[in-house]
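The stops below are to be selected in turn.

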Number of protein chains: 4
Amino acid sequence: MNPLDTLKELFTSFPGIGKRQAERFVYHLLRQTKEFRTQLAQTITELDNTVATCDYCKRFFTIKESQHDTACSICSNATRDTALLMVVASDTDFHNIEQSGNYKGLYFILGGTVPVLDKQPAQKIRIAELKKRLQDKRLKELILALSTNPEGENTREYIMRELKTLQKEKNLTITTLGRGLSAGAELEYSDPETLKGALANRQ
Amino acid sequence: MNPLDTLKELFTSFPGIGKRQAERFVYHLLRQTKEFRTQLAQTITELDNTVATCDYCKRFFTIKESQHDTACSICSNATRDTALLMVVASDTDFHNIEQSGNYKGLYFILGGTVPVLDKQPAQKIRIAELKKRLQDKRLKELILALSTNPEGENTREYIMRELKTLQKEKNLTITTLGRGLSAGAELEYSDPETLKGALANRQ
Amino acid sequence: MNPLDTLKELFTSFPGIGKRQAERFVYHLLRQTKEFRTQLAQTITELDNTVATCDYCKRFFTIKESQHDTACSICSNATRDTALLMVVASDTDFHNIEQSGNYKGLYFILGGTVPVLDKQPAQKIRIAELKKRLQDKRLKELILALSTNPEGENTREYIMRELKTLQKEKNLTITTLGRGLSAGAELEYSDPETLKGALANRQ
Amino acid sequence: MNPLDTLKELFTSFPGIGKRQAERFVYHLLRQTKEFRTQLAQTITELDNTVATCDYCKRFFTIKESQHDTACSICSNATRDTALLMVVASDTDFHNIEQSGNYKGLYFILGGTVPVLDKQPAQKIRIAELKKRLQDKRLKELILALSTNPEGENTREYIMRELKTLQKEKNLTITTLGRGLSAGAELEYSDPETLKGALANRQ
């Protein structure tokens with residue numbers, strides 16, 4: 001296979017990218033300067049030496065930015081509230097919540113979600129690592145921050161079942177993000193579940 | 001103008017209907033039976049004798065379905081909670097909330113919303129009628145159930161300002177529907193305001 | 001059923017209209033003046049006395065606008081080219097082509113299309129009436145103006161088979177609208193069939 | 001800037017890619033194997049040694065795949081019709097047309113289009129190189145294969161003006177791709193220009 005086709009195929013594996021857009025990417029790269037291509041290739045190569053997975057929250061982090069080689073800048077930050085652990089599905093979910101700026105506790109990245117009727121849920125998310133993480137005695141509340149779609153609901157229910165014993169032993173509170181009107185919501189189109197939460201959480 | 005064009009023009013005034021769909025409506029009617037057309041015309045004519053505006057909540061209601069000529073089936077229903085009054089923008093908002101089945105208080109239809117920077121807000125919504133409605137001594141809480149878009153926010157702020165004095169006099173609680181994750185929300189795409197509410201309302 | 005629900009149900013039968021929009025239509029009508037509702041009801045009722053189906057092209061036409069009770073203003077217009085007959089699926093297709101202003105022949109409305117694998121095509125379109133219409137000795141060319149989707153293609157093929165004998169007998173030319181780039185087409189996204197036509201029809 | 005942010009920024013320059021999807025790309029790469037990342041970086045680096053711009057048609061081509069270092073596999077293919085030159089805006093347009101398989105002549109890539117009212121059109125497309133290319137005595141027909149949107153139309157008109165003299169001198173035919181119904185077109189929604197072309201090109 002020639003390099004144009006190889007590159008097109010590699011880009012096709014990117015999330016949300018079909019053949020046509022992969023091809024546009026290839027031509028886009030060809031029209032850039034040689035410097036641009038060199039920088040892109042080098043940065044991709046560098047990832048292996050500069051990015052690690054945090055031992056505590058399992059998210060990807062830049063080694064240089066953290067004091068520690070094995071803990072990310074949040075997990076090694078003494079000002080974060082160690083009593084709170086927010087469980088999220090992915091690095092992108094973590095990123096969006098952290099950027100919103102309202103949460104000061106710690107995180108745990110599940111690395112996926114559990115599809116409805118899935119037969120091997122323990123292989124879809126880091127449930128074993130989560131249980132291990134809960135041994136931390138400073139923890140008081142676990143916040144399950146999952147999408148409110150069927151797969152998110154299923155993941156939440158699976159985690160609740162799996163943590164039942166541990167929750168009692170450790171006297172942990174497990175909470176779920178509140179339901180209500182999202183920004184820009186129109187009442188005419190809001191579903192019953194959302195309206196129920198919005199009414200219960202009125203203030 | 002011939003009846004086909006007149007009918008097309010009348011349908012063009014319907015919400016969300018452009019010229020092309022109005023034309024499709026006309027041809028659709030022509031392809032129906034004469035009975036269908038007669039029933040449609042009669043039902044439209046009947047509206048004037050069978051539907052009234054409720055004196056209390058200002059919504060449209062079918063006279064036959066209520067015990068009273070001037071109060072709708074909800075406002076005249078003795079089992080509803082008269083301490084709660086939910087303020088909504090339109091009949092469609094009311095309808096969606098009532099169908100969700102979680103609310104047992106009364107309603108008030110504003111008949112519109114106040115656009116941002118509008119100079120005559122008192123002419124856009126039934127603010128005078130709302131003040132009058134608040135004379136009801138049984139009322140304890142006013143729930144502002146408005147869309148969370150800029151126009152909804154502006155309407156909410158205008159009502160809050162207008163009711164300031166009355167609220168103190170009558171010792172009324174004024175609440176707003178809670179913010180949080182709506183059904184089907186994905187955390188990766190949730191905005192800061194929604195996440196803030198979802199975190200505050202976690203349970 | 002009360003008139004609000006009856007009306008909502010009638011509107012739900014309109015093309016492309018779901019329950020929610022039907023409800024919006026009902027509230028829209030209620031907010032209009034009594035005069036508006038009266039005019040709408042009357043115009044719908046009038047259709048039965050003022051609109052007829054043309055004996056020749058089968059389209060709906062306003063009786064007053066034509067010289068004849070049984071022929072529409074186009075079929076009874078002496079300046080149209082009686083050698084050309086354009087076969088279209090519906091009144092809306094006819095309307096769009098006639099408004100484009102480039103065609104001066106006559107029309108024939110099929111009243112539908114034949115779905116792929118349909119077992120009773122003769123009941124889906126006016127094929128018998130079309131054969132009868134082709135007895136007109138002035139006709140020289142039949143233009144099949146059908147959508148270029150699978151159902152349009154299937155309809156075209158069915159008509160071609162049905163008219164085979166008649167075409168020879170009457171020495172009729174049967175043509176199809178040309179393929180090529182539509183207005184606003186982007187070459188990057190044009191399909192092979194379109195490009196083939198565009199290349200063949202280059203000028 | 002850390003490598004994650006650098007990479008995110010580089011991906012943001014890709015066509016159609018915003019910040020959020022660029023971030024998804026970064027995390028996608030992190031979740032791949034080290035081998036995948038290495039292959040991607042190497043293929044990008046290789047582009048500089050393996051891909052060249054064809055002297056004749058100006059498109060990008062893989063050196064190895066052509067007999068010549070300076071001519072692409074199409075321009076150096078003796079079986080292509082050297083009397084036909086199709087002028088297209090971009091490599092992606094070329095690719096789509098070549099894949100459709102109906103064209104056996106040669107190509108010329110303009111490398112862009114001329115925006116409406118642009119003041120320096122000669123800098124937007126390879127007009128000088130095109131004139132040079134037209135010195136080829138074997139050429140008989142120039143096919144302008146441009147999108148039928150305003151920018152494509154403007155580019156076509158600019159080229160026609162620029163080539164006026166040369167066209168006479170060389171006795172060249174200049175054609176444009178034909179207008180008509182594209183695949184999947186619905187007659188109800190076809191615009192007048194398209195219908196005009198479809199009618200003129202009927203067959």
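Contact here means heavy atoms within 4.5 Å. A rotation of 180° with 0.0 Å of shift along its axis places chain B on chain A with an RMSD of 0.0 Å, which is the relation of a two-fold axis. Copies are superposed by least squares on the C-alpha atoms of residues with pLDDT of at least 70 in both, pLDDT being the predictor's confidence in each residue, from 0 to 100. To locate the axis, select G180(B), whose C-alpha comes closest to it among the residues of chain B, at 2.0 Å.

This is a predicted model, in which local features need pLDDT of at least 70, side-chain atom pairs count only at pLDDT 80 or more, and totals for chains, interfaces and linings use all residues. Residues are numbered from 1 along each chain as its sequence is written, chains are lettered from A and ligands numbered from 1 in the order in which they are written, and side-chain values use heavy atoms, leaving out hydrogens and water.

Next, select E188(D), in the loop between β6 (173-176) and α8 (192-200) of chain D; helices (H or I, at least four residues) and strands (E, at least two) are DSSP runs, numbered from the N terminus. Is E188(D) buried or exposed? At 10% relative accessibility, E188(D) counts as buried (under 20% relative accessible area, with exposed over 50% and partly exposed in between; 1.4 Å probe, protein chains only). Not counting residues up to four places away in sequence, E188(D) touches R20(B), R24(B), T92(C), D93(C) and N96(C).
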